[in-house]
Amino acid sequence: MPQKAAPTARQRRVGTELRKMREHAGMAVAHAAQQLGAEGARVSNMESGRLGVSEERVRMLAAVYSCGDQAYVDALAAMATERGRGWWDEYQGKMAASALDLAELEFRAVSLRAVQIMHIPGLLQTEDYAKAVFSIAEPEPTPAQLRVSLSFRLRRRDVLDRDDPPPCTFLIHEAALRMGFGGAKVARAQLERVLEASERDNVTVRAIPFSAGGFPNAGVSAAYVCGAVPQLDTVQLDAPTGVMFLDGETHLANYRRILDRTEELSLTPEDTRDFIHAIAP
């Protein structure tokens with residue numbers, strides 16, 4: 001397969017998992033290449049995501065590395081074959097690569113858990129709310145940039161409307177619920193949107209009230225995206241410079257605990273709906 005100039009996060013993830021598999025087997029790159037009858041550079045390029053990997057090659061490498069976790073191998077092989085274009089490809093060159101990676105991650109998620117501190121989760125935002133958030137960004141977006149960002153944000157929401165939407169749990173801090181982006185009318189419509197979404201079978205919304213006090217990682221908004229098997233889960237963090245993805249075993253374990261603890265401090269879905277009704281402007 002041809003070398004990729006700019007592999008996506010998903011392509012890099014396949015390579016990362018192949019590297020983990022090799023290292024777990026205690027095998028050097030040179031030895032792995034010898035087993036495959038290839039050059040070491042080829043193995044390195046596969047592990048960096050710069051070189052595409054077929055399902056057959058994933059299974060061959062798993063055999064070479066004596067990986068006996070069949071569910072993991074099957075899931076990784078399936079990930080390697082998911083090369084079809086997605087709707088996010090229409091925005092290449094118009095949106096940051098990390099934004100495209102996030103859209104693909106959400107689209108292929110088995111389930112999703114997120115905690116938001118200062119903003120309503122993107123998948124639940126109304127058009128007017130999203131426009132208000134984008135409009136006050138620095139540097140100020142041009143009208144064209146604003147249209148593209150808004151269109152992209154609204155397309156991301158479609159994941160909740162498809163025939164097989166992933167189960168989603170949104171933990172939203174009271175600060176985010178009270179932030180009046182766009183003024184009282186826009187804020188009220190946004191809270192109504194959150195309430196409507198909370199009635200969906202696949203959506204759980206839980207508020208984190210100020211009265212809950214502190215909670216783990218309180219300064220960071222994050223999403224935990226579940227893959228087909230736990231080893232393929234991903235943590236997505238919102239950072240001032242853009243989106244960040246984490247997939248190390250320690251990071252995944254830490255954020256599972258963080259979200260578990262944060263959920264324990266949150267209101268129940270029923271109490272959350274009452275709470276939102278009470279604070280709506």
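View A. Axes are lines fitted to C-alpha atoms, for helices over the stretch in contact, and angles run from 0 to 180 degrees between N-to-C directions. Helices (H or I, at least four residues) and strands (E, at least two) are DSSP runs, numbered from the N terminus.

This is a predicted model: local features need pLDDT of at least 70, side-chain atom pairs count only at pLDDT 80 or more, and totals for chains, interfaces and linings use all residues. Residues are numbered from 1 along each chain as its sequence is written, and side-chain values use heavy atoms, leaving out hydrogens and water.

**View B. Six strands form an open sheet.** The order is E3-E2-E1-E4-E5-E6, with mixed pairing. Two strands pair if DSSP finds at least two bridges between them. Strand E3 (203–208) and strand E6 (242–246) are the edges, each pairing on one side only. Neighbouring strands are turned by 15° against each other on average, direction ignored.

**View C. Strands E1 and E2 pair in the parallel sense.** E1 spans residues 111–116 and E2 residues 168–173, with five bridges. Glutamine 116 stands opposite isoleucine 172 in E2.

**View D. Helix H12 (residues 269–279) has buried residues.** They are Thr272, Arg273, Phe275, Ile276 and Ile279. They fall within an arc of 165° seen down the axis of H12, so they line one face of the helix. The arc is that of the directions from the helix axis to the C-beta atoms. On the other side, Asp274, His277 and Ala278 are exposed. Buried means under 20% relative accessible area, exposed over 50%, partly exposed in between (1.4 Å probe, protein chains only).
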